[in-house]
Amino acid sequence: MVSIATWNINSVRLRMPIVERFIKEQAPDVLCLQEIKCQEHQFPYEAFRELGYEHFAVHGQKGYHGVATVAKTPLREFSRHDWQDNGEARHVGVELTEHQRMIVENVYVPAGGDEPNREVNPKFGQKLDFLERMTRWADAIDRPTLIVGDFNIAPLESDVWNHKQLLKVVSHTPVEVETLQRFMDAHGWSDIGREHIKAPERYYSWWSYRAKDWKANDRGRRLDHMWASPELAKQATGHSVHEYARDWEKPSDHVPLVTEFTL
């Protein structure tokens, strides 16, 4: 068995205390982080080594974005794609060499700005183009693959606190949902989260910092995902959403997801 976690940590150095807490409580074999917000030489390698994580694939940049995959199990870096075509550090792929050479792709999709119109908001167009490049890549995948991370899209009505109010809000607009669906169809991905937490059950992974009481208001969205190749999806035995981490001291606005596989 292997357990894999994903978490948009919103600065790994700032939030290392809660990363340590999560690791001590859940001990995933592999942890995929997004928005590490540091260069590769600044990543807290030693802190992870002290927790038993000695294998790394880190793709960072100064102050923004960045992704990292850390593991207790051996891995080798497999790929780095620039799906935004602008040099930002938003992806790293690894091969788990002792787990049937499973591929784990760790991605941070652009948020897309505030206005869902590429003509007036270039960031929205960049987000859609990023997803289209991912779609062309997915069409050629020929190995058991898990893709995880912050997709910055909540596709289902039960993935957001209010479907009607958010239809014109970036992350839940019809054009984003349709674009994400094309990505899903390109490889026949299985949405592991929704295989285990069936719609229309509420499922969120992000709550804005702007809410004074995130828990009482519960205005969440499911922006984080774990999708598996069809054959790999059959080996997923469990999936969990760790909402309580949103209540920890100096939390990320996202919470961790964990999936277990029998490999």
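**Entry 1**

I looked up the bridge partner of Ile103 in S8 and found Thr145. The model I consulted is predicted; local features need pLDDT of at least 70, side-chain atom pairs count only at pLDDT 80 or more, and totals for chains, interfaces and linings use all residues. Residues are numbered from 1 along each chain as its sequence is written, and side-chain values use heavy atoms, with hydrogens and water left out.

I noted that S7 and strand S8 (residues 145–150) run parallel and are joined by six bridges. From S7 the chain passes through helix H3 (residues 122–138) to S8, a right-handed β-α-β crossover. Right-handed means that, with the strands pointing away from the viewer, the path from the first strand over the helix to the second runs clockwise. Helices (H or I, at least four residues) and strands (E, at least two) are DSSP runs, numbered from the N terminus. Two strands pair if DSSP finds at least two bridges between them.

Strand S6 (residues 91–96) runs antiparallel to S7, again with six bridges. Val94 has Val104 as its bridge partner in S7. Five residues lie between the strands of this hairpin, where Gln100 takes a positive phi near 55°.

**Entry 2: burial of S7**

I then asked why S7 is described as largely enclosed by the rest of the structure. Seven of the seven residues of S7 (residues 102–108) are buried, so the rest of the structure largely encloses this strand. Buried means under 20% relative accessible area, exposed over 50%, and partly exposed in between (1.4 Å probe, protein chains only). Met102, Val104, Asn106 and Tyr108 point one way, whereas Ile103, Glu105 and Val107 point the other way. In a regular strand the side chains alternate between the two faces of the sheet.

**Entry 3: cysteines**

I searched the whole structure for disulfides (pairs of cysteine sulfur atoms within 2.5 Å) and found zero. For Cys32, the nearest cysteine sulfur is that of Cys38, 15 Å away. That distance is too far for a bond. Cys32 is buried, with a relative accessible area of 0%, and Cys38 is buried with a value of 0%.

**Entry 4: lining of the largest pocket**

I recorded the classes of the residues lining the largest pocket: nine nonpolar, eleven polar and eleven charged. Here Ala, Val, Leu, Ile, Met, Phe, Trp, Tyr, Cys and Pro count as nonpolar, Asp, Glu, Lys and Arg as charged, and the others, Gly among them, as polar.
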